[in-house]
Amino acid sequence: MTSYLSVRDLVVHFPTIDGIVKATDGLSYEVERGKTLGIVGESGSGKSVSSSAILGLHRGTNAKVSGEILLDGDDLLQLNDEQMRQHRGSDVAMIFQDPLSAMHPYYTVGNQIAEAYLVHNRVGKKAARARAIEMLDRVGIPQPDRRVDDYPHQFSGGMRQRAMIAMGLINNPGLLIADEPTTALDVTVQAQILDLLQDLQREFNSAIIIITHDLGVVAEMADDVLVMYAGRAVEYGPCKEILTHPEMPYTWGLLSSVPDLSADTNAKLIPIRGNPPSLLSPPPGCAFNPRCDHRDKVPGDLCTTQVPDLTTARSGGNHVKRCHLANPDEVYATEVLPEIAPDLAKETP
Ligand SMILES: Nc1ncnc2c1ncn2[C@@H]1O[C@H](COP(=O)(O)OP(=O)(O)O)[C@@H](O)[C@H]1O
Ligand SMILES: [Mg+2]
């Protein structure tokens, strides 16, 4: 049985004059309808590039894309451009961090939402407008029958994001990809938008991929989490499992930069030292090794010479990690947790 969305060994490489940018290098994951996958990682880890491939956004560019993207059993990478256009907006929709750049400034919000409906449905303009008003109402825009005639710049940031969600969901797609949808918004509005997405998901039973650099958002939204580093998955599994028993030092780093996650009032904010690598020439071995504090626990020069395989975590189940450490669960419990969340560490036996 395959999942509603099944991404298998996805590769997206960009040939450039300086060499090949390996923005996605063998990525696999699954998402069921009604479930949410959180893809998390620092800027430049390949989150947007890999997800854009699902919408066929690399078509007509020089990007080299391979692997399989099975949506309801169909491999989207095998479709012709016309078939892909049919999928885009009807089965799969994407919303972005910055709605202003995704919306046209010279057309009203209502016209743009109605257009998304007209493209995929045999209806007249009046019916499409009525549907746009209905969707604006559904996403919580006050006085939707009046605001439908506003231009994007007349909406606040939060309202524009709601309008984007309305446009994305107007054809009831099975899969919604939300790429950093709340990054530009303040905390209160962010929480409202995340609530809205969860409500709509329950109503439409859609699969959601939420892309974020914020593990707090993941904790709130996701059933499963995929941690990306340098174009690859470095940890993947059920959200609860990864937040409580993370086994990859990079995930530990992400966790320690979100203090309130552990419900430990003495939790410390410790940023990950160094910067993410260039995807033109990532470090040999484990791409995270130059920033890793636990390299000395691995015998020999494994970390600097061999890319770790994605293997089953010590906690078992569907939880996998890409790391050479033999006892990551013990290192986390005895060294990492006491440092980042001292109160929580005392309670955990
Ligand atoms: N068209 C392109 N040509 C060359 N490199 C690209 C192109 N698009 C993205 N990249 C590179 O791919 C890497 C991953 O980008 P992206 O997926 O946007 O990261 P994220 O969304 O995780 O912040 C980055 O190093 C970026 O510079
Ligand atoms: Mg991005």
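At what angle do helix 11 and helix 13 pack, and how far apart are their axes? In this predicted model, local features require pLDDT of at least 70 and side-chain atom pairs count only at pLDDT 80 or more, while totals for chains, interfaces and linings use all residues. Residues are numbered from 1 along each chain as its sequence is written, chains are lettered from A and ligands numbered from 1 in the order in which they are written, and side-chain values use heavy atoms, with hydrogens and water left out.

Helix 11 (residues 249-256) packs against helix 13 (residues 328-340) at about 20°, and the two axes lie 12 Å apart. Helix 11 is therefore roughly parallel to helix 13 (angles under 35 degrees; over 145 is roughly antiparallel, 65 to 115 roughly perpendicular, and the rest oblique). Axes are lines fitted to C-alpha atoms, for helices over the stretch in contact, and angles run from 0 to 180 degrees between N-to-C directions. Helices (H or I, at least four residues) are DSSP runs, numbered from the N terminus. The crossing of helix 11 and helix 13 is right-handed (the near helix is turned clockwise from the far one by less than a right angle). Helix 11 contributes W252, L255 and S256 to the contact, and helix 13 contributes P328, V331, Y332, V336 and I340. Contact means heavy atoms within 4.5 Å. Seven of these residues are nonpolar, one is polar and none is charged (Ala, Val, Leu, Ile, Met, Phe, Trp, Tyr, Cys and Pro are nonpolar; Asp, Glu, Lys and Arg are charged; the others, Gly among them, are polar).

Helix 7 covers residues 157-169. Its 13 residues should span 18 Å at 1.5 Å a residue, and the end C-alpha atoms are 18 Å apart, in agreement. The expected span is 1.5 Å times one less than the number of residues. Twelve of the 13 residues are buried, so helix 7 is largely enclosed by the rest of the structure. Buried means under 20% relative accessible area, exposed over 50%, and partly exposed in between (1.4 Å probe, protein chains only). Among the buried residues are R160, Q161 and R162.

Helix 5 (residues 125-138) packs on helix 7 at about 125°, with axes 9 Å apart. Helix 5 is thus oblique to helix 7. This crossing is right-handed. R131, M135 and L136 of helix 5 meet A163, A166 and L169 of helix 7. The contact has five nonpolar residues, no polar and one charged.

H87 belongs to helix 2 (residues 81-87). H87 counts as buried because its relative accessibility is 12%. Beyond neighbours within four places in sequence, H87 contacts L71, D74, L76, L79 and V92.

Notes: Helices (H or I, at least four residues) and strands (E, at least two) are DSSP runs, numbered from the N terminus.
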